[in-house]
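Reader: I am new to this structure. Please take one part and go through it closely, with its neighbours.

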Amino acid sequence: MPISKAPHEPIAIAFSGSGGSGAVTAGSILLAAAARAGHYGLMMRSAGPQIRGGESAALVRFGPRPIGCIGDRFDLLVGLDWGNHGRFRDEIPLGADSLILADPAAGPVPEPIVAEGVEIRQVPFLDLAGSVADGHMNMVGVGAAGALAGLPLDALVAAAGTALAGKGEAVVSAAQACIRLGHQIQDDAPPSRVGHGCGRWDLSGNEAAGLGALRGGVRFVAAYPITPASEMLEWLAPRLERLGGALLQAEDELASINMIIGSSFGGVPSLTATSGPGLSLMMEGVGLAIASETPVVVVNVQRGGPSTGIPTKSEQADLDLALYGCHGDAPHLVLAALGIADCVLTTAWAVRLAEHLQTAAIVLSDQAIGQSRAIIDPSPPFESPLRRIIPNGPEPDYQRYALTASGISPMRIPGCPGPSYTADGLEHDAAATPSSLAADHHCQLAKRHDKLARFDYGAHWAEIDGGGPGDAGSDAVGPSLCLICWGSAHGAVGEAAERLRDRGLAVKVVALRLIAPLQRDALRAAIGAALPLVIEQNASGQLFGWLRAEGALDGDAQSIARPGPLPLRPGEIVADVLAKTQL
Amino acid sequence: MADTATPPAGRAEPPPTLKAKDYKSKVKPIWCPGCGHFGVLSALTKALAYLQIGKEAHAIISGIGCSSRLPAYIDSFGFHGLHGRALPVATGLKAARPDLTVLVVGGDGDGFSIGGNHFLHACRRNMDMTYIVMDNEVYGMTKGQASPTTQPTWSHSKLTPHGTGVRRFQPAAIALAAGASFIARGFSGDPNRLTQLLVQAIGHPGFAFVHVLSPCQTFRPEQKAWKQQVHPCQLEPTTDAAHAAALIQRDDGMATGLLYAERLPVNQPRNEPDTTIAEIEAELLP
Amino acid sequence: MTNAHDPIDTIAELLAHALELEHESAARYEQLADSMEVHHNVTTAEQFRHLATLSHEHAATVEERAVGIELPRIPPWEYKWSCPGSPETDCLDHEPHYLMTRVEALHLALHNERRGYDFYAQVASGSNSPEVRALAARMAAEEADHIAMLRGWLADAEDLPPRQNDLDPPNVPA
């Protein structure tokens, strides 16, 4: 029988296999078909350590509303084979409502799956594929999964045509034939689930961040490859060229950060992208950007830490590094994207802020965002008056680090006739002359602090959902809750909040986009009288610690912190919230 | 580079009367009297004057150390960056601003120890810039430790009281092996010859490495003897890398002059915009 | 490469060398004066500043001689000096030192002036042009006057204290 879900509920489907079974291609095509059918969607991937031929899984969730996380459980698992499937046990959670499609030729379904009480349906993927010249099992799986999920056949066939176009006509026809075979699995075809919407974007978080960088005005990138950030750089490289900019592959992260300081000094908005180990290397350079007041943006696509950690999995454990990683008092900007779509806005905003405030902005993304693909509404155009302040004409008394009311001092660019200056990491006076005097140090420290503290960041500092304590009306049960989160936790927290509201609780979600400087008063106002719970994917409660240190939370606030590598799930958040609040 | 912050491209035409002294800033050098770096500063200002490179047409990038203080002593745009990281800053600047003449200065510790990796890759990358290393075979600013070019037996540093015991870093040999397209050696005590080498280096299209022997009077007083020990390189400068390698390997480290120069492809991004962000976004539709 | 012993056969070339010699001399004394100031050696700084002023005056004299004459623009490395730098700057056996005394500064200047004298004397005998020889001889005589003046100052400064010792170890500026 088909997957039975209410029309507004998303459906989650996993493909798994090994040794070139094509699970990831299957997932990508299913996602694209869902997009053609008008749905929103999300796809994550998981793999063994082998470069090729290892075990791999594609995790897809789609539905009529934007998909913020991968959910609690999979409705359907298409097991192309069971090679080392134990690796995916935690990542493909199943339950009694789950349906497994298994090929009898692949051997018995692993015991841990059976033990979940799932429904198992035998589908002879291998045989069916064998009946088509050059047929592949995974395409049969696409057809079968698509049918069970109510996706129209023509959407599946068209998606395969586009995805495999580069492999030639024969491959495309064989794939489409297999899809048709698989689609016939369902005798009584369910009504097609067609969403409403077309003209949506299909992109990964890394690509979205790249787009945000371009929208913000970045035209120079220097970077060193690192998992899971490399795809952002690979996406940017040709596009920067086409816009008249450039990407330079550096010899290491130390070179990367210093190169973008040089290009920014030369007047070009500049950015680099890395992960935790690279950001650790870059911190001295970040400090130089802060001290010399040279705008730079560093995107950190976080992965499991510490040290080499778990490069292919996600975690939100670099916040402490981003906040505290510079020696000396070095105030700067720390932002975090709230999901794949939000990478566009957050990165563009970070670039403009860094340029205007002449400082370093660290933008936190993570592997779950960066390497997952989503079907999203196109981002609205980014309009912002923020720019680098450059003096117009030659001024005889120009002082690079002059003390101004805003704390921002105009920045002359090399090549302009007139006064020049030597930028310096050494502490300096207003004229940029190195100085060890107390007065100069205090003034410049205050300047670098005040320019950030005095700035009006507007409404982008957070996404707030759920209104005030009165929203649940007289049916509200218990105290109102304020769920505070950052980064990729936002999707799961949002779903959890809905379920808590369904139980009658008054729940507000505050997802911080600007973490430093903390907008403490605005955050306190948003929390109001509600009980704050800070939810994040790391072991030590890093955001919780920061908010406490900044005086944004009172004694009743609680931390719900769990490390990676597994994504936060709405169900576990609901359970944790209820347990912590004893509701 | 397409950006509204970039001033008009092309080398600015200064009035034709810029003299060497016009390039000096008002800041008085903190170098010890007798420091070799004075000679390099003098030679650099003479070279800039000889080439009539306007103050706004060039930028000087440095790292950390006594010699890295130089940018503040010249009246132009400069960046006094991190220890060992001058070359990447210069690389980023030049990549973004091909219109500027980019000069990089630093010492032997800054360039060959912590900066060693960047030195290798800058030689390879062959972007059009000039790198002047003032080599006094010591870390002056931190009170006299051995540097990579210090003799292994020099035992006057408390950090390495028996000497380092490690063979010297060979700047010219390594520059050649790393692919530098211009290698010269000068002596701060002969600033006029050094001026000529700097003029050639700045004019060379590509990465020009100028290794300058620049004695430290305070921590290496015995380097006074360099004046008698330096000698012009006996052989003609060569464009043959293998020949240059043999020459440099036989070199006693005190031979001055142009050791190697070859025209190699210069690395410089130069892209003209041919699309818009809207077109890029259109490609995101499935 | 110019042979240092190539003769100077025109007035213009001689004056160009003379001007460069004085300008370089002045620049070197200014540099030493600045250096002494930064290192708080006030009396020696003043001595060098005074010497710089004198070099500026000598340069003015040469400029007067050069009125109406178009001087060749000589690249720095093609000057016909026999030492690496111009005679009054870089042929030093006397190394500057932050504790150097006025007396030592004067010795340094004396050494410079002698080299200047040697340069003009060599042109006065080696040039193929009688005019140049004559002018060089006059300029050598002027250098001789400078030398005598310096000797006089040295005589007056004989009983000044010798170089002091610095009781502090080297500093670590940055």
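This is a predicted model: local features need pLDDT of at least 70, side-chain atom pairs count only at pLDDT 80 or more; totals for chains, interfaces and linings use all residues.

**A helix and its neighbours**

Helix 9 of chain A and helix 10 (residues 276-292) of chain A pack with their axes 8 Å apart, at an angle of about 30°. Helices here are DSSP runs (H or I, at least four residues), as strands are (E, at least two), numbered from the N terminus. Axes are lines fitted to C-alpha atoms, for helices over the stretch in contact, and angles run from 0 to 180 degrees between N-to-C directions. The two helices are therefore roughly parallel to each other (under 35 degrees; over 145 is roughly antiparallel, 65 to 115 roughly perpendicular, the rest oblique).

Residues are numbered from 1 along each chain as its sequence is written, and chains are lettered from A and ligands numbered from 1 in the order in which they are written.

Contact means C-beta atoms, placed from the backbone, within 7 Å. Ala, Val, Leu, Ile, Met, Phe, Trp, Tyr, Cys and Pro count as nonpolar, Asp, Glu, Lys and Arg as charged, and the others, Gly among them, as polar.

Helix 9 (residues 253-265) of chain A also packs with helix 2 of chain B. Here the angle is about 45° and the axes are 6 Å apart. The pair is therefore oblique. This crossing is right-handed. Among the residues in contact are N258(A) and I261(A) from chain A, and P88(B) and G92(B) from chain B. The contact has 11 nonpolar residues, 5 polar and no charged.

Now the wider interface. In total, 48 residues of chain B are in contact with 55 residues of chain A. Helix 2 of chain B gives the most to chain B's side, with 8 residues. That side divides into 26 nonpolar, 12 polar and 10 charged.

Strands join the chains too. Strand 15 (residues 422-424) of chain A and strand 2 of chain B run parallel, joined by 3 bridges; strands pair if DSSP finds at least two bridges between them. A423(A) stands opposite F79(B).

Key: Two residues are in contact if their C-beta atoms, placed from the backbone, lie within 7 Å. A crossing is left-handed if the near helix is turned anticlockwise from the far one by less than a right angle, and right-handed if clockwise.
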